[in-house]
Amino acid sequence: MAYNFWRNAPTKIKRILTIAAFFLLSIIITVAGILTPLGEEDANILGGQLDDTQQTIDNLPEMQQVSFIFGNNFMICLAGFVPIIGSAFECYVLYSTGVVISAYSTYKNVQTSPLLLFFLLFILPFTWLEFLAYSIAMTESFWLIWRIIQRKGKREIRNACILISICAVMLLVAAIIEAALI
């Protein structure tokens, strides 16, 4: 039954469902990073590094903040489009993000669970945009592999270019919002 649905579903629906699956996977991987036990020394090192980075960003003019945030997020997203390796890299980045959230929570001695802090980030629109962009990148990585196997890789490259452009716009908007909130 499910196979028939997938087989008969239009490609756009398949892509949307794949993006949703990768979005959920992204959250699960980040949560796994948050739940990874860290020693206090490691938490303090990672938390301190994040604090230093945050102070550096805070001291930049707003347009440079946007450029810094966008550049960082877009490079990570762009790497995600690479077949096979890109999705593995994205998973590593998402896991590391979870570890850093947990470490920063310990470093700042936050009384709230790091898991709750992570989900509270979804109140902010840039979190949704960033996770969606990373999910689109991993999805397209999957589709590129699948289309190459089907010998339709050249046509899929056009879709990849369109999706890269969409992700760039999403991440730029996310960076503008994030910089405005800093």
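Tutor: We will go through the labels, setting values against definitions. This is a predicted model, where local features need pLDDT of at least 70, side-chain atom pairs count only at pLDDT 80 or more, and totals for chains, interfaces and linings use all residues. Residues are numbered from 1 along each chain as its sequence is written, and side-chain values use heavy atoms, with hydrogens and water left out.

Student: Why is the pair Arg15 and Glu140 called a salt bridge?

Tutor: A salt bridge needs a side-chain nitrogen of Lys or Arg within 4 Å of a carboxyl oxygen of Asp or Glu. The closest N and O atoms of Arg15 and Glu140 are 3.1 Å apart, so the pair qualifies. Arg15 lies in helix 2 (residues 11-35) and Glu140 in helix 7 (residues 125-149), so the pair ties together parts that are 125 residues apart in sequence.

Student: How do you know whether Arg15 and Glu140 are buried or exposed?

Tutor: Buried means under 20% relative accessible area, exposed over 50%, and partly exposed in between (1.4 Å probe, protein chains only). Arg15 has 15%, so Arg15 is buried. Glu140 has 1%, so Glu140 is buried. In the chain of 182 residues, buried residues make up 38%.

Student: What links Arg15, Glu140, Arg147 and Glu156?

Tutor: A network of salt bridges links these four residues. Arg15 also meets Glu156, at 2.7 Å from N to O. Arg15 is in helix 2 and Glu156 in helix 8 (residues 153-181), so this pair joins parts 141 residues apart in sequence. Glu156 meets Arg147 as well, at 3.5 Å. Both Glu156 and Arg147 are buried. By the salt-bridge rule, the count comes to four.

Student: Why are helix 4 and helix 7 called roughly parallel?

Tutor: Helix 4 (residues 62-80) and helix 7 pack at an angle of about 25 degrees, with their axes 7 Å apart. Axes are lines fitted to C-alpha atoms, for helices over the stretch in contact, and angles run from 0 to 180 degrees between N-to-C directions. Angles under 35 degrees count as roughly parallel, over 145 as roughly antiparallel, 65 to 115 as roughly perpendicular and the rest as oblique. Helix 4 and helix 7 are therefore roughly parallel.

Student: Which residues of helix 4 and helix 7 make the contact?

Tutor: Contact means heavy atoms within 4.5 Å. Helix 4 gives Asn73, Ile76, Cys77 and Gly80, and helix 7 gives Glu130, Ala133, Tyr134, Ala137, Met138 and Ser141.

Student: What makes Asn109 and Arg151 count as exposed?

Tutor: Their relative accessibility. Asn109 has 55%, so Asn109 counts as exposed. Arg151 has 78%, so Arg151 counts as exposed.

Technical notes: Helix = DSSP H or I, 4+ residues; strand = E, 2+ residues; numbered from the N terminus.
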